[in-house]
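Colleague: I would like to learn how to read aromatic contacts and helix packing in a model. Can we take them in turn?

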Amino acid sequence: MAKKRVLSCIQPTGDLHIGNYFGAVKNWVDLQDRYDCVYGVVDLHAMTMPYNPKELKENTYRMAIDLMVCGIDPEKSLIFVQSMVPEHTELTWIFSCIASYGELTRMTQFKDKTEQVETGGKGSFVSAGLFTYPILQAADILIYRADFVPVGRDQVQHLELSRNIAVRFNNLFGAYFPEPHPLLTDTPKLVSLADPSKKMSKSLGDRHFIGLFEEEESVRKKVKTAVTDTGQQQGNEMSPGVENLFNLIKACGKTNEFDELMKQYKSGILKYKDLKEVTADALVELTTLFRKKRNEFLKDRDQNEKLIKLLSGKARDFAGQTIKDVKKLTGLPV
Ligand code: TRP
């Protein structure tokens, strides 16, 4: 039986942090053996908010390479840069004409980001692209006729819109697109080191996350100053900061250390200093390994750029076929 197809994409937001890695990219790597996988770096989506052109270009290149550094294997999976497959934008227009305006106005991410733009001191410019963002996302997914989309819960609403577009298309023009479903995998939820009440994210500031390629000294410093007890816990509930450190140790695969420290925690003799030391060691091991791998990868820029072009070209072949079919079905000349 043919393997089902999985697709996911990531915005080129600068270096990956361990929250992105354990929460998404590592899962993508693991899915490669069971599914036919397609992974994209969505630079066009990154243009919907204020950005710097030089940074966008560099970040897009880096992200494509970093996916491979993390273990996305171009021999197994299709990897593309969104702007290098212009068929995505072509399909976006066609989908714009069957996507519901009302449904778009209900997207919570649009409302959140609009608020960010309006209150973030970057002027109050809200682009139309930010509004139609989910239609481009639907095109990313459906152009490869994906069955499953591994995403976080924050993307479930966008995925529902993609599904509605697929259904409406099929009703109007004939059954063509599979309905894409979210693949909600149980990945560790990593929170900010400095404020464990928030999800780990770069936008919170440097103290809040650990980069996947971060240098030893700064990793150790961030773990050392990580918030543990906040004094708000009831009974023997574990505080989110402590739980986060345990989650990190487990995510790094240090199960023996995890079990031993958990035993100490349960008998009330755990020293946070020890917990932090084990966490820092595990993270330093991880980031050192990734930094080494990345340095290897980044040696030959010309060759890397050629590779990205070649891979995106393969994606174009696939996407081009979908566009042909869609044009035939929708009454456009091919
Ligand atoms: N909107 C997604 C995010 O911000 C990124 C994205 C774009 C995506 N196109 C996609 C995710 C297609 C999954 C499938 O995380």
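This is a predicted model: local features need pLDDT of at least 70, side-chain atom pairs count only at pLDDT 80 or more; totals for chains, interfaces and linings use all residues.

Colleague: What is the geometry of the pair formed by F95 and F169?

Modeller: Planes over 60 degrees apart count as edge-to-face. F95 and F169 form such an edge-to-face pair, 6.5 Å centre to centre with 75° between the planes. This pair links distant parts of the chain, with F95 in helix 4 (residues 87-96) and F169 in helix 8, 74 residues apart.

Colleague: And how do F169 and F177 sit?

Modeller: Their ring centres are 4.9 Å apart and their planes lie at 70°, so this pair is also edge-to-face.

Colleague: Are F169 and F177 buried or exposed?

Modeller: Buried means under 20% relative accessible area. F169 has 0% relative accessibility, so it counts as buried; F177, at 4%, is buried too. F95 is likewise buried.

Colleague: How is the packing of two helices described?

Modeller: By the angle between their axes and the distance between the axes. Here helix 7 (residues 128-142) packs on helix 8 (residues 156-173) at about 65°, with the axes 9 Å apart. Helix 7 is therefore roughly perpendicular to helix 8. The crossing is right-handed.

Colleague: Which residues make the contact?

Modeller: Helix 7 contributes Y133, P134, I135, Q137, A138, I141 and L142, while helix 8 contributes H158, L159, L161, S162, I165 and A166. By class, the contact has 10 nonpolar, three polar and no charged residues.

Technical notes. Residues are numbered from 1 along each chain as its sequence is written. Side-chain values use heavy atoms; hydrogens and water are left out. Axes are lines fitted to C-alpha atoms, for helices over the stretch in contact, and angles run from 0 to 180 degrees between N-to-C directions. Helices (H or I, at least four residues) and strands (E, at least two) are DSSP runs, numbered from the N terminus. Angles under 35 degrees count as roughly parallel, over 145 as roughly antiparallel, 65 to 115 as roughly perpendicular and the rest as oblique. A crossing is left-handed if the near helix is turned anticlockwise from the far one by less than a right angle, and right-handed if clockwise. Contact means heavy atoms within 4.5 Å. Ala, Val, Leu, Ile, Met, Phe, Trp, Tyr, Cys and Pro count as nonpolar, Asp, Glu, Lys and Arg as charged, and the others, Gly among them, as polar. Rings of Phe, Tyr and Trp (its six-membered ring) pair if their centres lie within 6.5 Å; planes under 30 degrees apart count as stacked, over 60 as edge-to-face and the rest as tilted. Buried means under 20% relative accessible area, exposed over 50%, partly exposed in between (1.4 Å probe, protein chains only).
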